[in-house]
Amino acid sequence: MTAQVLLPTTLTLPALRPARGRPRTRTPGPPKRERRSSPQIAERVRPLTRGQVADRLQDLGDLYAETSGGDPWAWNQARGAFLRHLAADTRRPGFSLLIAETTALTGYAYGFPTGGAGPWWAGFDGPVRGSLLRRAVSGRLFVVSGIVVPPRVRREYRDHVWNLARRLQRRLLADHGAALGVTLVDVRDDGSVETMRSWGWRYAGDDTLQAVPPGPFRILVLAPGA
């Protein structure tokens with residue numbers, strides 16, 4: 001039997017392409033006033049089991065693609081790539097996914113704890129690796145590998161504690177008793193870095209870092225409660 005190797009995975013955030021005739025996947029309803037990312041929306045946040053994640057892959061993929069936007073071809077490409085990314089992460093030990101919902105799915109975030117050894121650390125080097133390893137050996141380092149929320153959550157009230165993305169990431173760390181959250185962002189993806197930093201994430205090791213670092217990704221960390 002061939003062993004499956006799960007290498008470091010970069011963060012999944014919807015790409016926010018301009019929408020041009022994307023397929024509709026939800027039942028049309030009467031026009032609604034624009035809703036803001038605020039406490040009045042009162043999304044309920046709850047975890048899904050692995051079985052429930054498998055049962056709701058259609059909904060999870062649809063929401064990711066809808067929030068990404070783009071034309072029908074881009075919509076389908078984004079959905080397929082996302083579901084492959086999610087399927088790989090669900091096989092990691094300790095995988096956890098939280099959904100936010102009102103009468104429908106409004107967002108979700110997911111990740112997994114990592115220890116001080118294993119293939120997830122492939123490619124790490126230098127002082128940042130040492131700093132993260134010290135957190136990981138206690139089993140309290142949690143990798144946040146995906147956050148899917150509507151575009152308005154990325155634009156509005158990003159520094160407020162009730163911002164939906166902040167609620168989801170804070171709950172993920174709290175549920176697992178994590179001492180630190182960590183995520184990897186593609187080194188070319190400045191937009192995702194800006195978004196994550198607006199949600200309280202900081203560069204690992206040196207928060208003043210502005211230059212493009214060596215290697216394929218930027219390493220961001222999040223303190224519990226941020």
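This is a predicted model: local features need pLDDT of at least 70, side-chain atom pairs count only at pLDDT 80 or more; totals for chains, interfaces and linings use all residues.
Ala54 counts as partly exposed, at 47% relative accessibility; by the convention used here, buried means under 20% relative accessible area, exposed over 50% and partly exposed in between, with a 1.4 Å probe and protein chains only. Ala54 is found in helix α1, residues 50–55. Helices (H or I, at least four residues) and strands (E, at least two) are DSSP runs, numbered from the N terminus. In sequence, Ala54 stands 33 residues from Ala87, while their C-alpha atoms are 8.8 Å apart in space.

Residues are numbered from 1 along each chain as its sequence is written, and side-chain values use heavy atoms, with hydrogens and water left out.

I turn now to the charged residues. Side chains of opposite charge can pair when their charged atoms come close. A salt bridge is taken as a side-chain nitrogen of Lys or Arg within 4 Å of a carboxyl oxygen of Asp or Glu. How many salt bridges does the structure hold? There are nine salt bridges.

One of them joins the side chains of Arg44 and Glu101, at 2.7 Å from N to O. This pair links distant parts of the chain, since Arg44 belongs to strand β1 (residues 44–48) and Glu101 to strand β2 (residues 96–101), 57 residues apart. Is Glu101 buried or exposed? Glu101 is buried, with a relative accessible area of 9%.

Arg46 counts as partly exposed, at 22% relative accessibility.

Another salt bridge is found within a helix. Arg171 pairs with Asp175, the closest N and O atoms being 2.9 Å apart. Both residues lie in helix α6 (residues 164–175), four residues apart, which is about one turn of the helix. Arg171 is partly exposed, with a relative accessible area of 29%, and Asp175 is likewise partly exposed, at 42%.

A further arginine, Arg218, is placed in strand β7, residues 217–222. Arg218 is buried, with a relative accessible area of 4%. What does the side chain of Arg218 contact? It makes a polar contact of 3.5 Å with the side chain of Asp190, and one of 3.4 Å with the side chain of Tyr203. A polar contact is a pair of N or O atoms within 3.5 Å; within protein, one must be able to donate a hydrogen and the other to accept it, and residues adjacent in sequence count only if both atoms are side-chain atoms.

The next topic is the aromatic residues. Rings of Phe, Tyr and Trp (its six-membered ring) pair if their centres lie within 6.5 Å; planes under 30 degrees apart count as stacked, over 60 as edge-to-face and the rest as tilted. A search of the whole structure finds five aromatic pairs. In one of these, the rings of Phe82 and Tyr108 have centres 6.1 Å apart and planes at 55 degrees, so the pair is tilted. Phe82 is in helix α3 (residues 72–90) and Tyr108 in strand β3 (residues 105–114), 26 residues apart, so distant parts of the chain are linked. Both Phe82 and Tyr108 are buried.

Phe82 also pairs with Tyr110: the ring centres are 6.4 Å apart and the planes stand at 65 degrees, so this pair is edge-to-face. Here again helix α3 is linked to strand β3, the two residues being 28 residues apart. Tyr110 is buried, as is Phe82. Ring pairs link Tyr64, Phe82, Phe95, Tyr108 and Tyr110 into a cluster.

Finally, I come to helix packing. Helix α2 (residues 57–68) and α3 pack at an angle of about 130 degrees, with their axes 9 Å apart.

How values were computed. Axes are lines fitted to C-alpha atoms, for helices over the stretch in contact, and angles run from 0 to 180 degrees between N-to-C directions.
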